[in-house]
Amino acid sequence: MDDPTWDYDPLTRTLTISGMGNMEDFVQGYTPDTVPWRTLDFKKVVIEPGVSNIGQAAFFICNSLEEIVIPDTVTRIGKNAFYSCDKLSSIELPDSIVMIAAGAFEDCVSLTEITIPAEVVILHDRVFKGCTA
């Protein structure tokens with residue numbers, strides 16, 4: 001099994017996560033040394049089929065992020081995965097999602113549209129805290 005890897009296209013400002021298995025979990029308040037794409041100015045994230053989770057704090061305070069594409073191979077969204085992504089206004093979660101961890105979308109102040117799949121069996125606290133739009 002290949003661990004997920006990433007690639008960035010500066011022309012389209014798209015970050016692509018590909019491979020098989022779980023994304024790495026990152027520490028909140030991370031530095032560019034711990035999250036390799038932290039300093040990139042991406043507007044879109046594409047997670048390709050084969051990736052099975054979105055890691056903890058993977059996109060923590062990614063202020064330019066406007067769009068994310070999540071395949072039906074993803075089953076879990078980690079703690080604070082999209083914390084304070086100010087420009088993220090809508091997200092479509094695939095039916096494969098069964099767990100959304102604490103603070104996953106906390107302080108996403110522009111988030112106005114999201115559908116929680118019926119398959120979600122674990123919805124932790126603070127998932128949408130501070131979503132004021």
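1. Strand 1 (residues 5-9) and strand 2 (residues 14-18) pair in the antiparallel sense over 5 bridges, where strands are DSSP runs (E, at least two residues) numbered from the N terminus, and pairing requires that DSSP finds at least two bridges between two strands. Within this pairing, Asp 7 has Thr 16 of strand 2 as its bridge partner. The hairpin that the two strands form has 4 residues between the strands, and in it Arg 13 takes a positive phi near 55 degrees.

2. This is a predicted model, in which local features need pLDDT of at least 70 and side-chain atom pairs count only at pLDDT 80 or more, while totals for chains, interfaces and linings use all residues. Residues are numbered from 1 along each chain as its sequence is written, and side-chain values use heavy atoms, with hydrogens and water left out.

3. Strand 2 also pairs with strand 4 (residues 44-47), here in the parallel sense and over 4 bridges; in this arrangement Ile 17 stands opposite Ile 47 of strand 4.

4. Strand 2 is largely enclosed by the rest of the structure, because 5 of its 5 residues are buried (under 20% relative accessible area, with a 1.4 Å probe and protein chains only). Both of its faces are covered, with Thr 14, Thr 16 and Ser 18 buried on one side and Leu 15 and Ile 17 buried on the other.

5. Ser 84 lies in the loop between strand 7 (76-77) and strand 8 (90-92), and it counts as buried because its relative accessibility is 14%. Leaving aside neighbours within four places in sequence, Ser 84 is in contact (heavy atoms within 4.5 Å) with Ile 61, Cys 62, Asn 63, Glu 106, Asp 107 and Cys 108.

Note on methods. Buried < 20%, exposed > 50% of the residue type's maximum accessible area, 1.4 Å probe, protein only.
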